[in-house]
Every structure is written in structure tokens, then in C-alpha cells.
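Dear colleague,

I am handing over the structure that we spoke about, and I would be grateful if you could look through it before reading my notes. The sequence and the model come first, and the findings are set out after them.

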Amino acid sequence: MNTTSQMTDSAVPGLSSLRQTTLFPELGNLAAWDAVASNPAVKPYVRGIIAAAEGFLSEPFPEARATLYMEFRRNGNRSRYEADYFKRRTVLSTLFLAEAFEGNGRFHDAMTDWIWLILGEPTWCLPAHTATEDPLPNPDGEMIDLFSAQTAQLLALIYSMGRHALDNVSPNLSRWIHRRLMERTIEPIEANIERFWWNSGRNNWTPWVCCNVLCAGLAVLDGERLQAFAQKVLAADMRYFNNYPEDGCCDEGVGYWNVSPAAHFLFCEQLYQASNGACAPFYGTEKFRRMAGYVADAWIGGKWAAPFADCPPRMGGINAGVLQRFGERAGSAKLLNFVKSFEAVNPPSGKQSDPPKPIPVSVPLRTLGDLFWRCGAPVAQVPGVLPDPVAPVRPDGTAWYPKMQVLFAKAGRVFLGAKGGNNGENHNHLDVGQFLIAVDDEPVILDLGHSEYTRLTFSPRRYENPILNSIGHNALLFGGEGQRCGSDACATDVVFREDADTLSLGFSLQNAYRPELGLKAYRREILFRKGEGTIQVKDTWRLEKPADAVLRLYSRAAPDADGVYAGCLALESSAPPAVETFELEDGRPRRNWGDVICRTVISLPEAAEGSLTLTFRVCGSAPESAH
């Protein structure tokens, strides 16, 4: 196993072997599609996809209206244009998959109409990503954002897998797809990839875009031009890999892991298969394996995950086939066991009485990987990948990510998540020192997770949102003031220890606050007595001048008269708590937690120094999930 993470594209073996290819069978290859459809785990999806496609045959066509595009600059709304935009792509993806499974041409005309709509859009970029003060995009410089690239992937797959079928409708349709892919994806990257900020490799944009545009390149390019295009895109993806934390922690959170490490894997897998196994620059590295395992560590249980950063707390479904292939290529027993564990408690078809649910189809490369790799035999190990030394995914276990200072630990009925880090992370919240607790796979002391994205979300006014600032988290506020933003607003003196019975995590948090606040010292110590199911959180602090201190804890329901949350977690506090309702006005938290939740507020009077100790003890029976 290669333990060196820094890589360069200057001499990547195998690039000269790249060839125009498609990873999955063409439309019309009914034997291949029938083999997938006959798998018991996939049958409900096939029924659901075909039923959805039948419904879309009479679906009205949502046009790309300029006034909706302009709303983002005019009033900050991005949802109305995006609803129609993504509807067009979801319908087309569904029709495409339904036609692949049926293979009788029933959906050809409908596919043609929806392709025509998307080909006719003046831009494939979202209004939130065009980076101009003009409310309409500039026609003189083709932009490539996340969803422009994702649109290119969709059309590239239709072109490469369905060209012969669509030629029965109109040979010119394939020519139009080819032209748009060249104009909107291939040629702008060939001309000057450096002008796109995602080329820097800073966050999930890079692998997400690279994965999608490589799919387009493999569909319409060949020979030396394909190799030169792939090298440009590979250089960007390598910058992402080199910038990624050495410990494998996804600082954008478990929700973005699917479009960050998992998108990086899909990029790698396309290179690997299009070169017949000759091009595998990342396979066989320890860092690649660590990246694979993060999602397993952040999983609480059921459908819940630790939602640090801009992430939902509920995982919903997973692309099991993609994760399975990722785990095989990375040599990650942790990820492979996670897939088995997740599907054991969240079967793909739900309860037997449930109607069949179509697999998410808006990103067809992931969908196809899920279908075909889920059903296929395990792939052979890539040369250089050694047996995984990491123990299989929990039931019980600890994952400590020292670079990002993130902890996930489960013992018996209790799950603990905690983080230090800094307030300059990708998709950051003002949450240095945050902790969450779950019991019996159900969140009890919450991290509220993500918020709706608006014009303000990625602007200097981001932290006006109470879900994102310190009010929505459980580090102390002093004199009503929470943490500041910036990478220098960080935890220091971080100490993690673990033995058979206990684990402890301590960090100093004073640097996360404005120097003008006069916070000379603030230490948070978290002690998890695993055998007892007890978690103690102790805060101590010292200020230059007296100020009050307030801690807020969020839960789905108020504790009972004995201070027990959800019938299973008792709180003892060294200062008296007060319980109040907290109305969630933001749509995304409301969908996860409900309209109104509980906020436990512990207030300490003005003083120059102080301490607060919270002790959480598991008790009672398993909580009932309301979600």
C-alpha cells in the first residue's frame, strides 16, 4: 500500500491507453439489462422507474424562463428556477433508464422532447453559480459549474449508450448532443481550464465536476485529444486529492462525502476502465482507503448520520453498488461492511407492503453504478492494495480523525460525535467544540445540520443564519456573543485518549472567539465512560472582565420532569437548566426535526471565570423515532 499522498500528473502511467468507451451496456442490449432487472434487490426499482416514466409521458414541459433565472439576483430565491431545471433532468434520466430496461422504443419520442428542451437552454449553469451581477448569464464566456457538468454527464451517457437507438428517431439528434457537449464542456476546458475556480482543487466542486466532464470526454473524444483532455482534468483532480486531509476526514460533512470522495472514486473508476486497468493513479494509496471509510464512521445507525457542516442528519438511501465498488477498489473492509450493515437495517425496497420506489435517477452515472455494480461479482483487487488493517465498521468502535479533530465513538447504546477543527472549513458552521449524542441509533442531543441555500448562504452574511452560527450549536456564548469565522478561529491544545473503558477529548476554544471579547481561556473536556454509557462535558473559562455565559442544547422534545430526554438520556447539570420551545423557520431543519423542537438553555451569571459540568447518562428504553 502506497502511503505517500502527494501526487503529480506529470507522468501518470496508462493515460496513453485511454479510449472512447462507455462503462455500461448500450440501450438495446436486453440480455445485460434483463440480468440486472432480475436481481431481487433491483426488481422494485425497475417497476418504480417504469411506472414513473409512464407518468412522465404526459408531464407538462417546464420551460427555462428568464424571469425565474433572474430571481436569484433580484430577491435571492434560487429554488423556483432550480425546481424546473432539475425536473427536466430527472424526467429525462427516468425515461432513459425505463427505455434501457424495456428496450421497445416506447419512450423514444418523450426522451427526444426532453433532450430538445435541455439542448435549448441558453446555459446549463445555475443562476447561483454564474458569478455576475447581471441577473442573466454572459453569453460570451461559457461557464462550467457543478450542474452544467452534471448535465453534460447525462447527455454523454445518453449519447454513448443510446446513440443507435435515438438514430431511429433522428440521426441529427445525436449530432446536436455532440455539438452541445463540445461547445459547453470539452472546448472551454481545452481552451483554458485555469479560468474555472474548481480547477484549484479546494473542495467537492473539483471531483464532482471532473467526474462528470471526464464522462463527456470519454463519450465524444478519442486518441490523443482524449488523452490530452483527460490529463487536464486529472491535474485538477490531483490537486483536490493532495489538498484533502491526510486522515481521510471529509470536512464538508457526510452529506457531501457522496460528491467528494465518492465522486473522486467515480472519476478514478472511469480512468481505470477506459484504460483497461492501465491508469490507476490513486488506487493503492492509504489516503484513498481512509477517504473511503469516513462515511462508515459518521453513521450513527438506522438512517441517521452525524451532520457536521452543511449536511442532513438523515442519510436516506445510499448508492450501495457505487460504495461497494469503492470499497473493493480501496481495499476498505470498513466501507464494505458499512454497505452490508446499512442495507440490513434499511432494505432497498423498504417494507414488503410498501409500493416500489424508484432509485434516485438525477445523477445517472451513480445510478448505473449502483445497479450494475450492486449486481455484479466483486471485482479483482487492484495491484498494490493490501488487506485492510482497520477493524470492520461498528456496532462498537471509535474513529478519531486527528487532522480535522473529529471524533465518532459508539459503545453499547450510545453514540458520541464531537469536533474541534476551525471556522474556516468547507461548508463551515461556527461550531468549534460541538458535540452530539444519540441513543439506540436515534439522535437525542442534536446537531441541527444544514439549512436552505439562499443568496446569503455563501456570502459574507452567511452567519446571520442561526442554524449556521453559534446560536445553533452548543459551545458557550459569552455576553451573548458566539464564535467568529476564519481558519485561525480554531481549537488548540487538542488531546485525545482512549483505553478499554473510557475515552476523552479535550480542546481549548478561546481562539474561536474575537480577541476583543477578552476570553483568556476556555477549555472543553469530554469524557465518555463507555461501559456506563455516561458522557461528561466540562467547560471552564476565564475572562478579562465579567460576562454571562450561556449554553444551548437542542433536542426533538423537552425532557421530562426528571431531566430525561426521549425516555433514554438523563441530564445532570451543575447549573439549573431552563427549557423552551424553538421554532424552526428554515425548511431543511423542519423536514428533519419538525416545526418545533426543544432548546435547553443553561445560563450562568456575570463572572470573570466559571465552570459548567453536564453529565449525560443512558437510561430507560429505546426512543421511538418520529421520523
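This is a predicted model: local features need pLDDT of at least 70, side-chain atom pairs count only at pLDDT 80 or more; totals for chains, interfaces and linings use all residues.

Residues are numbered from 1 along each chain as its sequence is written, and side-chain values use heavy atoms, with hydrogens and water left out.

**The whole chain**

The protein chain contains 16 helices and 18 strands, where helices (H or I, at least four residues) and strands (E, at least two) are DSSP runs numbered from the N terminus. Its radius of gyration, taken over C-alpha atoms, is 25 Å, which agrees with the value near 25 Å for a compact globule of 627 residues, the globule rule being 2.2 Å times the number of residues to the power 0.38. Along the principal axes, the C-alpha atoms fill a box of roughly 75 × 55 × 50 Å. Of the 627 residues, 58% are buried, a word that means under 20% relative accessible area, with exposed being over 50% and partly exposed in between (1.4 Å probe, protein chains only). Among contacts (heavy atoms within 4.5 Å) with a separation of 6 or more, 74% join residues 24 or more positions apart.

Helix H7 (residues 171–192) has 22 residues and reaches 31 Å from its first C-alpha to its last, close to the 32 Å expected at 1.5 Å a residue, where the expected span is 1.5 Å times one less than the number of residues. H7 has a kink of about 45° centred on Met182, the bend at a residue being the angle between axes fitted to the seven residues ending there and the seven starting there. Met182 is itself buried, as are other residues of H7 including Leu173, Ile177 and Pro188. The cover over the buried residues of H7 includes helices H5 (108–119), H6 (146–166), H8 (205–220) and H9 (223–243).

In helix H12, 12 of the 13 residues are buried, among them Phe288, Ala292 and Tyr294. H12 bends by about 30° at Ala292, and its end C-alpha atoms are 19 Å apart, which agrees with the 18 Å that its 13 residues should span.

**Salt bridges**

The structure holds 36 salt bridges, each one a side-chain nitrogen of Lys or Arg within 4 Å of a carboxyl oxygen of Asp or Glu. Arg289 pairs with Glu286, with the closest N and O atoms 3.1 Å apart; both lie in H12, three residues apart, about one turn of the helix, and both are buried.

Asp297 forms a salt bridge with Lys334, again with the closest N and O atoms 3.1 Å apart. Asp297 lies in H12 and Lys334 in helix H14 (residues 333–345), so this pair ties together parts that are 37 residues apart in sequence. Asp297 is buried at 6% relative accessible area, and Lys334 is buried at 15%.

Arg588 forms a salt bridge with Glu452, the closest N and O atoms being 4.0 Å apart. Arg588 lies in helix H16 (residues 587–593) and Glu452 in the loop between strands E8 (442–445) and E9 (477–478), so the pair ties together parts that are 136 residues apart in sequence. Arg588 is partly exposed at 21%, and Glu452 is partly exposed at 28%. Finally, salt bridges that share partners join Glu269, Arg325, Glu328 and Arg329 into one network.

With kind regards
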